[in-house]
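Please look through the sequence and the model below before reading on.

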Amino acid sequence: MGASVLTISPSRPFRVSATTFGALVWSGFRRYATYRQATIAGSFTNIVFGFLRCYVLLAVAAGAVGNRPGGYDVEQLATYVWVGQGLLSVIGIWGWTELADRIRTGDIASDLLRPVPPVVSYLATDLGRATHGMLTRFIPPLIIGALFFPFSTPDRWQTVPLFVLSVVLAVIGSFGCRYLVNATAYWLHDARGPQMLWTLGSGVLAGLYFPLRLLPEWLTVTLWVATPLPGLLQTPLDVLVERDSPAVQAGLVALQAFWAVAMLALAALVQRRAERKLVVQGG
């Protein structure tokens, strides 16, 4: 193990070998691949809510001027909804409480003894989870949605690679946000309050329930620039449906990349601060 890990210091928390990082990603993939029934149930739930969300937004479009609420046509709205349902388990906005639970029980002490920093190890595991979600829970909602609703297909060659990059950045940004929410347990010892606030706010501000372009323009721009949340779902979905010009698409992905890096750096900073004054609970 020691031969495959580069020298890691507090000032370089992400310095880990590709072999070790890849092994952690694979372990995360295998971990989530064992829950086959949960995968099927989750896909079914996403499909059911996809119908509800799609019909609501199509009703909004029917009553909007020119049938283009927020600048989306009917095909773009349907694609937005169903691809969003598929990405929900890939981005993984909700449900991750492992770090907070390990802090509360004191099991975090074993994580701190490992040669790989917690932020890096949990990130690798989360990338494995996202890969499993992409292979198993992304496609079914798209197939069902395409059978019942008209979809918008990309007209520009750069849209698909830009969408793939945007999804990767969304996964990283989502992990950074969730890590910070969980890390509040270092000081609060119980992160259920912050986790509840995150669950209530992230879906709305990330563009899950409705496109943020339906909000006043000044508020949409403020959310995009001042918070990482629109980059979790709104940005990749807008890129895919080609809501904006290529230059604007590239700018949104660049802003998304900035927030993804910022969230990871902030998570590493918070982790180092916590380790300096950590009191292990329950162990």
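Leaving aside neighbours within four places in sequence, which residues is Tyr179 in contact with? With contact taken as heavy atoms within 4.5 Å, they are Trp96, Leu99, Pro118, Val119, Tyr122, Ala267 and Gln271. The model is predicted, so local features need pLDDT of at least 70 and side-chain atom pairs count only at pLDDT 80 or more, while totals for chains, interfaces and linings use all residues. Residues are numbered from 1 along each chain as its sequence is written, and side-chain values use heavy atoms, leaving out hydrogens and water.

Tyr179 is also among the residues with the most contacts inside the largest nonpolar core, which has 61 residues; such a core is a set of buried Ala, Val, Leu, Ile, Met, Phe, Trp, Tyr and Cys residues joined through side-chain atoms within 4.5 Å, where buried means under 20% relative accessible area with a 1.4 Å probe, protein chains only. Among the elements that give two or more residues to this core are helix 3 (74–91) and helix 8 (159–183), helices being DSSP runs of H or I with at least four residues, numbered from the N terminus. The largest share, 13 residues, comes from helix 8.

Helix 3 is mostly covered, with 16 of its 18 residues buried. At 1.5 Å a residue (times one less than the number of residues), helix 3 should span 26 Å, and its end C-alpha atoms, 25 Å apart, agree with this. Helix 3 is followed by Gly92, whose phi is positive, near 65°.

Terms used
Buried means under 20% relative accessible area, exposed over 50%, partly exposed in between (1.4 Å probe, protein chains only).
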